[in-house]
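Me: I have a structure open here and would like to go through it bit by bit. Can you answer some quick questions?

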Amino acid sequence: MTDVILEKVGKTYPNGYHAIPSVDLSIEEGEFIVLVGPSGCGKSTLLRMVAGLESISTGELRIRGERMNDKEPAERDIAMVFQNYALYPHMTVYDNMAYGLKNRGMPKAQIAEKVSDVATMLGLTELLQRKPRQLSGGQRQRVAMGRAMVRDPKVFLFDEPLSNLDAKLRVQMRVEIRQLQRKLGTTTLYVTHDQVEAMTLADRLVVLNKGKAEQIGTPMDLYNKPATPFVAAFIGSPSMNLINANLTEQGVKISEALTLPLSHAFRGGIVWGIRPEHLEVSDEQNADFALRIQAVESLGAETLIHGKLETESGHGEPLVVRLSGPHLPDINSLMWLRAPVSHWHLFDANTQQRL
Amino acid sequence: MTVTFPQKVLPWLLLLPQLLVTAIFFLWPAEQALEQAFYQEDAFGLSREFIGLENFADLFTDPLYYQSMLTTLVFSFSVAIVGMSLALLLAVMADRIIRGKLAYQTLLIWPYAVAPALAGVLWWILFDPSMGPIALWLKAAGVNWNHYLDGNQAMILVVIASTWKQISYNFLFFLAGLQAVPRSLIEAAAIDGASPFKRFWTIVFPLLSPTTFFLLVVNLVYAFFETFGVIDATTKGGPGQSTTTLVYKVFDDGFVGLDLGGSAAQSVVLMAIVGLMTVIQFRFIERKVQYS
């Protein structure tokens, strides 16, 4: 069953700024959708439009078939977790969680029961009488989630909820959020700028760029078949190597001296891409090209090698290679690489669409 | 942060102007008042006689003094509460409007720049029973306004005149306080199903409590000690004693009644009250509620 539908939803601010031209998205019940993109791409605006905190300029938002454009946030049966948690500082954890239920006129005994259920689930029982300032970042985050969960809403909205936590806690909370969402089966819309977070949490991802949905799909769809160079660069870390080239009869012409053989009907300017993890070390005979090594990042489990394509002129394109395990090649030495055709990504340079 | 000066003379030199002002206009008069409180002096200041605590004894057995104390309390709390309520209302409205915000705020801040005596004269004219426009409207509406005869009306007049100036000050602080309330809290409350009215009373107002408490103390201190000009220009403490606050009584007894010793004793009592208020202010405001 389709739970949330965004139909040609757009946002224009009173000053004429066209933040979001038009986004179409339909979310299935229980689905975890992540909106991801760089800052200023309109992902938070889109989320706030679903929440009712920003007006919808054009298009229509429906939740369970009901048009929501003109409904107040409280009438949409959604719950939101804010980036700064937005806990009421003068209320205890209990009161923070009970506030929404009280406002809806739920009997006291039932409120107490609901809050204690959720507190147990989140491990907050000990903290119910504390004020937010007496909690650690991770605990506050949990209270914010508890406040959302206790109301049993149709849709959860998360606005970069993990960005104020340290890296270790972030990973831990990421896993927790995913597990909770699975358990509760509540439809979720989650905003982040962190592509790792997006990839690990999402059933489906929406990559936003300048207010436009560049691609909507499962994390693996986006990784394997990015629709545009923007998505290709955004998904995956380190990001995909993208090089401007020309498609000719001989193949992909990267520079005067370097053409990678390929037969393809398209002719003209393209963006040629390959992920750092798909480049293979080779010997001189079998190699497609050579890399002049400039920097080596050893991470133990993997090694990232930064360099430039070796050309006669010496002005090669920058390229990153990701090798598993430790490697210690010399800086400025040459590394022979093979780029298997099956891992190539080709995009039309003009339309920015995948070929 | 501490700034260390390389030598000892310069800092004292820099402090000197303020120290001189404090010494000449505060410490010396205070010392004079303390001394005079223990003497009885003739009206021309030609001779005086040490009488110990007699001035204080007279003071604390004088029903008029207690009357004046009550007047001061009624006056001060009225000024503080009326001034703060109106200022909060205006600040909430100013916080909401988008167009013309600056003009609105500037206009609201203006009264603060008007000298107390001028403010008093302004209201005195507006409410003058025989020619003041407001008094005439009130008469047309069936209210017999004459603050020269009716003590309650006189009190209302001084409260209005004193409050009017203070609203600007309160407004500024409330506006700043409102702007410091994170937007996301209001949004979270909206999603939690609280009406705008409820949002204000359950979220915004509690978060403003440090500001409210600070303003309460400041307004009380203002109404206690800084409204002499307003009262002198509007009612001169009358009719009878109905608007004679403690500060006005010091002036009235000392410079009109020429009881310098009694007036000095009253000043000493006021000094003690100021001291107490200062302690309260520092105690509570320094420790004001911190929200993270």
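Predicted model: local features only at pLDDT ≥ 70, side-chain atom pairs only at ≥ 80, totals over all residues.

Me: How far apart are the end C-alpha atoms of helix H5 of chain A, and what should the span be?
Reply: Helix H5 of chain A covers residues 167-184, and its end C-alpha atoms are 26 Å apart. That agrees with expectation, because 18 residues at 1.5 Å a residue should span 26 Å. The expected span is 1.5 Å times one less than the number of residues. Helices (H or I, at least four residues) and strands (E, at least two) are DSSP runs, numbered from the N terminus.

Me: What comes just after H5(A)?
Reply: Gly185(A), which takes a positive phi of about 65 degrees.

Me: What are the model's ipTM and pTM?
Reply: The ipTM is 0.82 and the pTM is 0.78.

Me: Back to chain A. In what order do the strands of the open sheet run?
Reply: The order is E6-E7-E8-E3-E9-E10, six strands with mixed pairing. Strands E6 (78-81) and E10 (212-217) of chain A are at the edges with a single partner strand each, so one side of each has no neighbour in the sheet. Two strands pair if DSSP finds at least two bridges between them.

Me: How many bridges join E6(A) to E7?
Reply: Four, and E6(A) and strand E7 (residues 155-159) of chain A run parallel. In one of the pairs, Val81(A) has Phe158(A) in E7(A) as its bridge partner.

Me: Which domains does chain A have?
Reply: Chain A is divided into domain 1 (2-234) and domain 2 (241-348), with bounds from an automatic or database domain assignment. Their C-alpha centres lie 39 Å apart. Five residues from domain 1 and five residues from domain 2 take part in the contact, where contact means C-beta atoms, placed from the backbone, within 7 Å.

Me: Now chain B. How many helices and strands are there?
Reply: Chain B has 13 helices and two strands. Its C-alpha atoms fill a box of roughly 75 × 70 × 30 Å along the principal axes.

Me: Where in chain B is confidence lowest, and where highest?
Reply: Strand E2 (residues 48-50) of chain B is lowest, at a mean of 77, and helix H8 (residues 183-191) of chain B is highest, at 91. These are pLDDT values, the predictor's confidence in each residue from 0 to 100.

Notes. Residues numbered from 1 in each chain as written. Chains lettered and ligands numbered in written order. Contact = placed C-beta atoms within 7 Å.
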